[in-house]
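Here are some exercises to work through, each with a solution that goes step by step. Have the viewer open and try each task before you read on.

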Amino acid sequence: MAKTDLRIERTNSKNPDFIALVQLLDAELVHRDGPMNSFYHQFNGIEDLKQALLLYQGDQALACGAFKNKSADTAEVKRMYVVESQRSQGLASQLLAALEDWARELALKRLVLETGINQPEAIRLYEKNGYQRIPNYPPYEGVDTSYCFEKIVN
């Protein structure tokens with residue numbers, strides 16, 4: 001895939017391509033998280049996501065990510081996903097960098113996120129991109145299958 005064929009578009013959670021990718025993500029997480037999926041799923045609604053990104057090749061959406069404000073200077077990264085056939089090509093890192101740029105534009109200082117032990121690729125992605133493990137924040141406190149991370153972006 002030629003890098004020049006890729007583009008990232010800003011949108012929100014009402015975008016049909018974003019919704020379709022999140023449905024693929026949710027289906028994958030049902031398999032990965034097993035019995036814990038219903039616990040995690042309750043925190044992954046997309047109705048309040050005003051900042052979402054889609055990564056396209058041509059007219060095909062290959063990846064998505066979003067963030068939602070948690071406080072005046074902090075947002076939480078949500079719904080990061082790359083279609084399975086396009087993984088291990090750096091798309092998630094590109095998308096994450098674009099989310100960080102957008103957060104900076106909005107004068108946010110810090111991004112946080114939660115992922116789980118059943119998403120080792122996500123853990124590697126965040127560590128590779130400078131995110132540091134932090135104590136689990138609510139509602140993940142005491143959940144030993146959750147890993148929380150942060151990155152100071154501004």
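**Exercise 1.** Is Leu24 buried, partly exposed or exposed?

*Solution.* Start with the ground rules: this is a predicted model, where local features need pLDDT of at least 70 and side-chain atom pairs count only at pLDDT 80 or more, while totals for chains, interfaces and linings use all residues. Residues are numbered from 1 along each chain as its sequence is written, and side-chain values use heavy atoms, with hydrogens and water left out.

Next, the cut-offs: buried means under 20% relative accessible area, exposed means over 50%, and partly exposed is in between (1.4 Å probe, protein chains only). Leu24 has a relative accessible area of 43%, so it is partly exposed.

Now place Leu24: you'll find it in helix H1. Helices (H or I, at least four residues) and strands (E, at least two) are DSSP runs, numbered from the N terminus. Finally, look at what Leu24 touches: leaving out residues up to four places away in sequence, that's Tyr81 and Val83, where contact means heavy atoms within 4.5 Å. Leu24 and Val83 are 59 residues apart along the chain, yet their C-alpha atoms are separated by 7.9 Å.

**Exercise 2.** How many helices and strands does the protein have, and what pattern do they follow along the sequence?

*Solution.* Count first: there are four helices and seven strands. Then read along the sequence, and you get β-α-α-β-β-β-α-β-α-β-β. Of the 154 residues in the protein, 49% are buried. Last, take the contacts between residues at least 6 apart in sequence: 70% of them join residues at least 24 apart.

**Exercise 3.** At what angle do H3 and H4 pack, and which residues meet?

*Solution.* Two packed helices are described by the angle between their axes and the distance between the axes. Here, H3 (residues 91-105) and H4 (residues 120-128) pack at about 50°, with axes 10 Å apart. Axes are lines fitted to C-alpha atoms, for helices over the stretch in contact, and angles run from 0 to 180 degrees between N-to-C directions.

Under 35 degrees is roughly parallel, over 145 roughly antiparallel, 65 to 115 roughly perpendicular, and the rest oblique. H3 and H4 are therefore oblique to each other.

Then find the residues: Ala92, Ser93 and Leu96 in H3 meet Leu125, Tyr126 and Lys128 in H4. The residues of this contact divide into four nonpolar, one polar and one charged (Ala, Val, Leu, Ile, Met, Phe, Trp, Tyr, Cys and Pro count as nonpolar, Asp, Glu, Lys and Arg as charged, and the others, Gly among them, as polar).

**Exercise 4.** Which residues touch the most other members of the largest nonpolar core?

*Solution.* A nonpolar core is a set of buried Ala, Val, Leu, Ile, Met, Phe, Trp, Tyr and Cys residues joined through side-chain atoms within 4.5 Å. Among the 41 residues of the largest one, Phe18, Val77, Met80, Tyr126 and Tyr131 touch the most other members. H3 gives the most to this core, with eight residues. A second, separate core has five residues, among them Val112, Ile134, Tyr137 and Tyr140.
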